[in-house]
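Thank you all for coming.

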Amino acid sequence: MKFVVLLKKSTLHALSEHAVTEMGPVVEINQTEALVMLSAEVVTRLIALARPEDERIDDVITRLAL
């Protein structure tokens, strides 16, 4: 199963650097955001790692990438 997630384009760069192979096609929405398909497994792992202060899935990805 796959989910379509709205991400900042800077977050997409972090995902590609960490070799997320479950990432599907990217559809640009505007200059700063895009829609991307992620596997349910990746989304589940990201949600499990989320902290209360995280407002977007981007926050989780960025924190993990650093």
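Let me begin with A50, which sits in the loop between α2 and α3. Please keep in mind throughout that what we are looking at is a predicted model. With a relative accessibility of 39%, A50 counts as partly exposed. If we set aside the neighbours within four places in sequence, the residues in contact with A50 are V60 and R63. For a sense of distance, A50 and M37 are separated by 13 residues in sequence, and their C-alpha atoms lie 19 Å apart in space.

One of those two partners, V60, takes us into helix α3. Is V60 buried or exposed? Its relative accessibility is 1%, and because buried means under 20%, V60 counts as buried. Beyond four places in sequence, V60 is in contact with L46, L49, A50 and D54. As for L49, it is 11 residues from V60 in sequence, while the C-alpha to C-alpha distance between L49 and V60 is 7.0 Å.

That brings us to how the two helices pack, and the axes of α2 and α3 are 9 Å apart, with an angle of about 85° between them. The two helices, α2 and α3, are therefore roughly perpendicular to each other. On the α2 side the contact is made by L46, I47 and L49, and on the α3 side by I57, V60, I61, R63 and L64. Sorted by type, the residues of this contact between α2 and α3 comprise seven nonpolar, no polar and one charged.

Now let us turn to the other helix that meets α3. Helix α1, residues 9-17, and helix α3, residues 57-65, have axes that come within 10 Å and cross at roughly 45°. These two, α1 and α3, are therefore oblique to each other, and the crossing in which α1 passes α3 is left-handed. Which residues of α1 and α3 meet? From α1 they are T11, A14 and L15, and from α3 they are D58, I61, T62 and A65. The residues of the contact of α1 with α3 divide into four nonpolar, two polar and one charged.

D58, in helix α3, deserves a moment of its own. At 1% relative accessibility, D58 counts as buried. Leaving out neighbours within four places in sequence, D58 touches L6, L7, K8 and T11.

Of these, L6 belongs to strand β1, and with 37% relative accessibility L6 counts as partly exposed. Again leaving aside neighbours within four places, L6 is in contact with I29, E33, A34, L35, R56, I57 and D58. L6 and T32 are 26 residues apart in sequence, yet the distance between their C-alpha atoms is 10 Å.

In soluble globular proteins, nonpolar side chains tend to be buried together. In this model, the largest nonpolar core has 13 residues, of which L7, L12, L15, L38 and I61 touch the most other members. At least two residues of this core come from each of β1 (2-8), α1, β3 (33-39), α2 (40-49) and α3.

Definitions and conventions. Residues numbered from 1 in each chain as written. Predicted model: local features only at pLDDT ≥ 70, side-chain atom pairs only at ≥ 80, totals over all residues. Heavy atoms only, no water. Axes fitted to C-alpha atoms, helices over the stretch in contact; angles between N-to-C directions. Helix = DSSP H or I, 4+ residues; strand = E, 2+ residues; numbered from the N terminus. Parallel < 35°, antiparallel > 145°, perpendicular 65-115°, else oblique. Left-handed = near helix turned anticlockwise from the far one by under 90°. Contact = heavy atoms within 4.5 Å. Nonpolar A, V, L, I, M, F, W, Y, C, P; charged D, E, K, R; others polar. Core = buried A, V, L, I, M, F, W, Y, C linked by side-chain atoms within 4.5 Å. Buried < 20%, exposed > 50% of the residue type's maximum accessible area, 1.4 Å probe, protein only.
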